[in-house]
Amino acid sequence: MRRAILLALMGFAFATTTATAQIKDHAEVCFAGTGKFELDISFCSLAIQSKQHQGPSLATLYAHRGRAKSELGDLEGAVEDFGTALAHNPASALALNERGRARHKAGHNAYAITDYDAALALNPNFGDAYRNRGATHIHLGELSSAITDFERAIASVNYDPASRILPGIARFLSGNGKAAINYLSAALTQAYPYPEVVLWLCLS
């Protein structure tokens, strides 16, 4: 009888440990991404439903699920998830930046700028937020502001080499072909996709 109880307890402990590991895996896959947005939504949802996360961790799960929804075109669902993320962690620059992207895609550019401003107030070295805000400035016809943001993206600590093409594009759109050529030529040395840079150089 005692042996049976011990085995039952061991089985319960094993099942509990396995379930906990699976919950952890769901969150890790959500954070890392699978490359398929439908799967990302599923893993993030499973991690959220596990009730094992709270505060900033839960906020990050919602933010990653929102990003996947945004990529699939569910902008309303994405903005809702980003709002939930910010309710759990108002200091989430990630959620603010991603909500800005979703709002930009939906054509709500003024709201997008507000989100990028808030994200950059929390993290002044957030290169992706500078780049996204610059792209929104272009849609608003604010080319000078776009150029400034793209240059800040390049100077940020998490600099993305692909950002180097953006100041050149903005200068091209503002009619400054010579400056555009200088920036686009520099992009060729930064491992940016060659055909796209050459195309913009030809246009300049």
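Let me start in a loop. Lysine 51 sits between helix 2 (37–49) and helix 3 (55–71), in the loop that joins them. Helices here are DSSP runs of H or I with at least four residues, strands are runs of E with at least two, and both are numbered from the N terminus. Lysine 51 has a phi near 65 degrees, a positive value in a residue other than glycine. Lysine 51 counts as exposed, at 71% relative accessibility. The cut-offs are these: buried is under 20% relative accessible area, exposed is over 50%, and partly exposed lies in between, with a 1.4 Å probe and protein chains only.

A word on the source. This is a predicted model: local features need pLDDT of at least 70, side-chain atom pairs count only at pLDDT 80 or more, and totals for chains, interfaces and linings use all residues. Residues are numbered from 1 along each chain as its sequence is written, and side-chain values use heavy atoms, with hydrogens and water left out.

Now the overall picture. The protein chain has 11 helices and 0 strands. Of its 204 residues, 40% count as buried. Take the contacts with a separation of 6 or more: residues 24 or more positions apart account for 43% of them. Contact means heavy atoms within 4.5 Å.

On to the packing. Two packed helices are described by the angle between their axes and the distance between the axes. The axes are lines fitted to C-alpha atoms, for helices over the stretch in contact, and angles run from 0 to 180 degrees between N-to-C directions.

Helix 3 and helix 5 first. Their axes come within 10 Å and cross at roughly 20 degrees. That makes helix 3 roughly parallel to helix 5. The classes: under 35 degrees is roughly parallel, over 145 roughly antiparallel, 65 to 115 roughly perpendicular, and the rest oblique. The crossing of helix 3 and helix 5 is left-handed. A crossing is left-handed if the near helix is turned anticlockwise from the far one by less than a right angle, and right-handed if clockwise. Helix 3 brings Thr60, Ala63, His64, Arg67, Ser70 and Glu71 to the contact, and helix 5 brings Leu94, Ala95, Glu98, Arg101, Ala102 and Lys105. By class, that contact has 4 nonpolar, 3 polar and 5 charged residues. Nonpolar covers Ala, Val, Leu, Ile, Met, Phe, Trp, Tyr, Cys and Pro; charged covers Asp, Glu, Lys and Arg; the others, Gly among them, are polar.

Next, helix 4 with helix 5. These two pack at an angle of about 160 degrees, with axes 9 Å apart. Helix 4 and helix 5 are therefore roughly antiparallel. Their crossing is left-handed. On the helix 4 side, the contact residues include Leu75, Ala78, Val79 and Phe82; on the helix 5 side, they include Ala95, Leu96, Glu98 and Ala102. The classes here are 9 nonpolar, 1 polar and 4 charged.

Which C-alpha is 4.1 Å from that of alanine 78? Glycine 66, 12 residues away along the chain. Alanine 78 lies in helix 4 (residues 75–88). Alanine 78 is buried, at 0% relative accessibility. Beyond four places in sequence, alanine 78 touches Gly66, Lys69, Ser70 and Ala102.

Now glutamate 98, in helix 5. Buried or exposed? Glutamate 98 is buried, with a relative accessible area of 3%. Its side chain makes a polar contact of 3.1 Å with the side chain of arginine 101. A polar contact is a pair of N or O atoms within 3.5 Å; within protein, one must be able to donate a hydrogen and the other to accept it, and residues adjacent in sequence count only if both atoms are side-chain atoms. Neighbours within four places aside, glutamate 98 contacts Arg67 and Phe82.

Helix 5 (residues 93–105) also meets helix 7 (residues 127–139): the axes come within 10 Å and cross at roughly 20 degrees. Helix 5 and helix 7 are therefore roughly parallel. This crossing is left-handed. The contact residues include Asn97, Arg101 and His104 of helix 5 and Asn132 and Thr136 of helix 7. Threonine 136 counts as buried, at 0% relative accessibility. Leaving aside neighbours within four places, threonine 136 contacts His104, Asn109, Ala112, Ile113 and Tyr116.

Last, helix 9 (residues 165–173). It is mostly covered, with 7 of its 9 residues buried. Glycine 175 follows helix 9, with a positive phi near 95 degrees.
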